[in-house]
Amino acid sequence: GLRLASGVIACVAANWQEIPRLGKLTGILAALSAALAVASRCARREAMRASDAAATAATLIFGAGVALVGQMYHLPADWPAGALLVGVGAFAVAALMRSDGALLVAFACLAAWLVGRHGAGLANPSPWYLALYLPLLALAMGRTNRAVHHAAVLAGALWLVLIPNLAMMFGRNVGADIAYLLFLSVSFVGL
């Protein structure tokens with residue numbers, strides 16, 4: 001799945017200037033549709049690994065398509081929002097196609113969105129993060145793939161570390177610092 005998506009992305013990138021805009025959009029939609037069709041057909045034939053690979057490729061093609069459309073139409077450079085958009089698409093593919101690869105992409109995109117929002121010093125993204133993380137976590141707990149479980153734990157740990165305003169307490173009150181560190185310790189043990 002990774003090789004297929006990389007090949008499509010490399011082909012488009014190598015011929016970017018020569019392809020008209022309508023051709024670019026049509027190509028992105030055709031590649032995405034073809035990958036999802038292959039995933040669906042493989043799932044009907046109970047070739048679940050092939051279905052997962054094709055669904056993962058579709059998710060990565062969708063991510064590349066979001067980036068290419070953003071570049072073509074000179075959309076504002078808000079990469080965290082793009083990561084969130086790709087993550088929501090990956091979540092949809094993971095839920096509908098039972099793709100572990102798409103679920104991994106969804107966790108990675110959600111984590112990238114959180115880091116981007118936190119790094120830019122924007123409004124507290126934590127409530128939205130939890131609203132997106134908890135359904136992903138529920139989906140991950142129904143899977144047997146250990147990599148998906150690890151991604152779920154790492155995404156939860158990242159949120160715990162980046163909880164806004166709690167980390168700002170350091171240096172003001174030793175009791176609050178100790179309480180925050182104990183909270184983190186108990187949370188990590190729970191994870």
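Here is a walk through the structure, from the whole chain down to a couple of cysteines. Keep in mind that this is a predicted model, where local features need pLDDT of at least 70, side-chain atom pairs count only at pLDDT 80 or more, and totals for chains, interfaces and linings use all residues. Residues are numbered from 1 along each chain as its sequence is written, and side-chain values use heavy atoms, leaving out hydrogens and water.

Let's start with the fold. The protein chain has eight helices and zero strands, taken from DSSP runs numbered from the N terminus (H or I of at least four residues for helices, E of at least two for strands). Along the sequence that reads α-α-α-α-α-α-α-α. Contacts here are heavy atoms within 4.5 Å; of those in the protein chain with a separation of 6 or more, 65% join residues 24 or more positions apart.

Now the surface. The accessible area of the protein chain is about 10900 Å², and carbon and sulfur atoms own 70% of that (Shrake-Rupley method, 1.4 Å probe; for residues, only the protein chains shown count as cover). Of the 191 residues, 39% count as buried, meaning under 20% relative accessible area, with exposed over 50% and partly exposed in between (1.4 Å probe, protein chains only).

Next, zoom in on C42, which sits in helix α2, residues 21-44. C42 counts as buried because its relative accessibility is 18%. Leaving aside residues up to four places away in sequence, C42 touches A47, A50 and S51. Its C-alpha atom is 8.6 Å from that of A54, twelve residues apart along the chain.

C109 is buried too, because its relative accessibility is 12%. As for disulfides (cysteine sulfur atoms paired within 2.5 Å), the whole structure has zero.
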